[in-house]
Amino acid sequence: MFEWAPSRSLLASIRGYQRASKSRGMLAGCSRRIAVLRHRFWTVVTGADIPLNCKLGGGLLLPHPNGIVIHPDAEIGPNCLLFHQVTIGERGGGVPILEGHVDVGAGAKVIGRLRIGKHATIGANAVVLDDVPAGATAVGVPAKIIGCV
């Protein structure tokens with residue numbers, strides 16, 4: 001309970017807000033306000049920009065949450081791994097969808113309306129502008145597929 005785990009606390013505040021947003025009543029309103037305050041605190045501590053209303057799958061892991069930026073409309077599937085300085089953002093009116101078990105290396109940018117398939121790996125500092133098939137590895141600027149299962 002008193003463990004220093006900023007990334008877990010940040011994700012817990014987001015999940016708490018989303019859970020309280022589905023409820024009605026005075027207690028739910030207080031819970032939302034507390035979750036917003038917790039989110040603001042952990043956002044400052046971690047330096048991450050993850051909005052309260054984003055779609056996050058269960059099991060998201062942020063080992064070093066510093067500098068992570070996620071667009072509010074982006075979808076992240078279950079059991080994904082995002083390292084520090086990752087950006088998941090919009091380009092041309094579309095946002096990415098990361099399916100389950102996707103690993104994104106440090107400093108990678110995933111931008112635009114695209115889909116990253118299950119069990120895909122994005123290399124460090126890669127700039128992904130096109131779809132990545134399931135089980136593939138994408139590296140480089142712009143990212144190219146170098147391996148596929």
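This report describes a helix pair, a nonpolar core and some local backbone features in a predicted model.

## The helix pair

Two packed helices are described by the angle between their axes and the distance between the axes. Helix α1 covers residues 6-21 and helix α2 covers residues 26-46; their axes come within 8 Å and cross at roughly 155°. Angles over 145 degrees count as roughly antiparallel, so α1 is roughly antiparallel to α2. The crossing of α1 past α2 is left-handed.

On the α1 side, the contact is made by Pro 6, Ser 7, Ser 9, Leu 10, Ala 12, Ser 13, Ile 14, Gly 16, Tyr 17, Ala 20 and Ser 21. On the α2 side, the residues are Ala 28, Ser 31, Arg 32, Ala 35, Val 36, Arg 38, His 39, Trp 42, Thr 43, Val 45 and Thr 46. By residue type, this contact of α1 with α2 has eleven nonpolar, nine polar and two charged residues.

## The nonpolar core

In soluble globular proteins, nonpolar side chains tend to be buried together. Here the largest nonpolar core holds 35 residues. The residues with the most contacts inside this core are Ile 50, Leu 56, Ile 70, Leu 82, Ile 88, Ile 116 and Ile 122. The elements that give two or more residues to the core are α1 and α2, and α1 gives the most, with three residues.

Leu 56 touches Leu 11, Ile 14 and Arg 15, together with Ile 50, Ile 70 and Ile 76, when residues up to four places away in sequence are not counted. Ile 14 is also among the α1 residues that meet α2.

## Ile 97 in strand β6

Ile 97 lies in strand β6, residues 97-98. Its relative accessibility is 24%, so Ile 97 counts as partly exposed. Beyond neighbours within four places in sequence, Ile 97 is in contact with Glu 75, Leu 114, Arg 115 and Ile 116. The C-alpha atom of Ile 97 is 7.8 Å from that of Gly 77, and these two residues are 20 residues apart along the chain.

## Backbone exceptions in loops

Most residues other than glycine have a negative phi, and most peptide bonds are trans. Asn 79, in the loop between β3 (75-76) and β4 (81-82), has a positive phi near 60°. With a relative accessibility of 39%, Asn 79 counts as partly exposed. His 101 has a positive phi near 60° and sits in the loop between β6 and β7 (103-104). His 101 is partly exposed, at a relative accessible area of 36%.

The peptide bond between Val 141 and Pro 142 is cis, with omega about -15°. Pro 142 is placed in the loop between β12 (137-139) and β13 (144-147).

Technical notes:
Residues numbered from 1 in each chain as written. Predicted model: local features only at pLDDT ≥ 70, side-chain atom pairs only at ≥ 80, totals over all residues. Heavy atoms only, no water. Axes fitted to C-alpha atoms, helices over the stretch in contact; angles between N-to-C directions. Helix = DSSP H or I, 4+ residues; strand = E, 2+ residues; numbered from the N terminus. Parallel < 35°, antiparallel > 145°, perpendicular 65-115°, else oblique. Left-handed = near helix turned anticlockwise from the far one by under 90°. Contact = heavy atoms within 4.5 Å. Nonpolar A, V, L, I, M, F, W, Y, C, P; charged D, E, K, R; others polar. Core = buried A, V, L, I, M, F, W, Y, C linked by side-chain atoms within 4.5 Å. Buried < 20%, exposed > 50% of the residue type's maximum accessible area, 1.4 Å probe, protein only.
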